[in-house]
Amino acid sequence: MKEDRQPPFHRHHRRLAAFTRKSFTKSTVFVVILVLLSFSLGYLSAASYHPRQHSQSPTISQTTIAVATATELDHYRFRTQCADPVHPKLVRQTILDRVFNGTSPYASFPPPHISPLLRESRIKGWGSNGAVFGNLIRKVKPETIIEVGTFLGASAINMARLTRELGLKTQILCVDDFRGWPGFLDRFRELRMVNGDVMLMYQFMQNVVHVNSTESVLFVPFQTGTTLEKLCEWGVFGDLVEVDAGHDFHSAWIDINRAYKVLRPGGVMFGHDYFTAADNRGVRRAVNLFAKVNGFRVKIDGQHWVIDSA
């Protein structure tokens, strides 16, 4: 047959055409064409991809740049308005009135149901006895110290001892919600949990009582960010401010910016974990960014960072 003498390609083409006329409706043919067209466009698009081209930033309009810049700058603004500074001699009473209804939280401590659960002393911290504390206290001679992040009070107790040895009547305010972090009781097994309370604040208080520092060490048992905002609104400022709470970038960034608002002019702000494993979670990045944005120079003292606002 004639068909048999034709090349295989032509025979296949004619059969396909006949099959198409018999088996496909017009709508089916349209769908097939659309699929083939989509495949072709996708292939051409993929073929035109060039890594170097796509690694570059796309063209951005001036309007977009302006909006992005405004948004970026907003990350550096912490708008709480601070009150006029309270006199250092009134700082303790201000906290007692604002937080504890005018009564010392150490009064009648510990409560009977808590006493059996506490150790006489469990003073534990990280970098709490570094030379930086003595160096800065001797330099600044602070009347008020604000500590952001306290845990069991090791740093605060060390600073209370140092100021006492120098004959300073320094008020130390410890800002911490005393909740620790999920899983910390696995490491500090001697601390108990009672009805969801991890007992951290009570052990901190016991540590302060144990070293007879209840007059010099006072605490504000709430989340660091909101507490620093309130100290600002109340006019409570520190000559020396230690920031050592959350160690991820965002927590450290917020704490540092808010702590700076309650630093007296010419005061010093410092913190731990500039050269430790915690740096990998963002402490150093937050400190460096803050210094860059505000035009400060970061000084190093051991594992601590120091920013002198003078």
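Reply: Helices here are DSSP runs of H or I with at least four residues, and strands are E runs of at least two, numbered from the N terminus. Counted that way, the protein has 12 helices and 7 strands. Keep in mind that this is a predicted model.

Me: What makes Cys-82 and Cys-232 a disulfide?

Reply: The sulfur atoms of the pair have to be within 2.5 Å. For Cys-82 and Cys-232 the S to S distance is 2.0 Å, so the pair passes the cut-off. The structure holds 1 disulfide.

Me: Why is the disulfide of Cys-82 and Cys-232 called left-handed?

Reply: Because the torsion about its S-S bond is about -110°.

Me: How do you know whether Cys-82 is buried, partly exposed or exposed?

Reply: Buried means under 20% relative accessible area and exposed means over 50%, with partly exposed in between. Cys-82 comes out at 32%, so it counts as partly exposed.

Me: What share of the protein's residues counts as buried?

Reply: 41% of the 310 residues. The accessible surface is about 18300 Å², and carbon and sulfur atoms account for 55% of that.

Me: Why is strand E5 said to be largely enclosed by the rest of the structure?

Reply: Because 7 of the 9 residues in E5 (residues 263-271) are buried.

Me: How do you know which strands pair with E5?

Reply: DSSP has to find at least two bridges between two strands. E5 has 4 bridges with strand E4 (residues 238-243), in the parallel sense, so they pair. With strand E7 (residues 304-308) there are also 4 bridges, this time antiparallel, so that counts as pairing too. As for individual residues, Glu-242 is opposite Phe-270 in E5, and Met-269 has Ile-307 in E7 as its bridge partner.

Me: What makes the unit of E4, helix H11 and E5 right-handed?

Reply: The test is to look with the strands pointing away from you: a path from the first strand over the helix to the second that runs clockwise is right-handed. E4, helix H11 (residues 249-261) and E5 make a right-handed β-α-β unit.

Conventions
Residues numbered from 1 in each chain as written. Predicted model: local features only at pLDDT ≥ 70, side-chain atom pairs only at ≥ 80, totals over all residues. Heavy atoms only, no water. Buried < 20%, exposed > 50% of the residue type's maximum accessible area, 1.4 Å probe, protein only. Areas by Shrake-Rupley, 256 points an atom, 1.4 Å probe, with all protein chains shown as cover.
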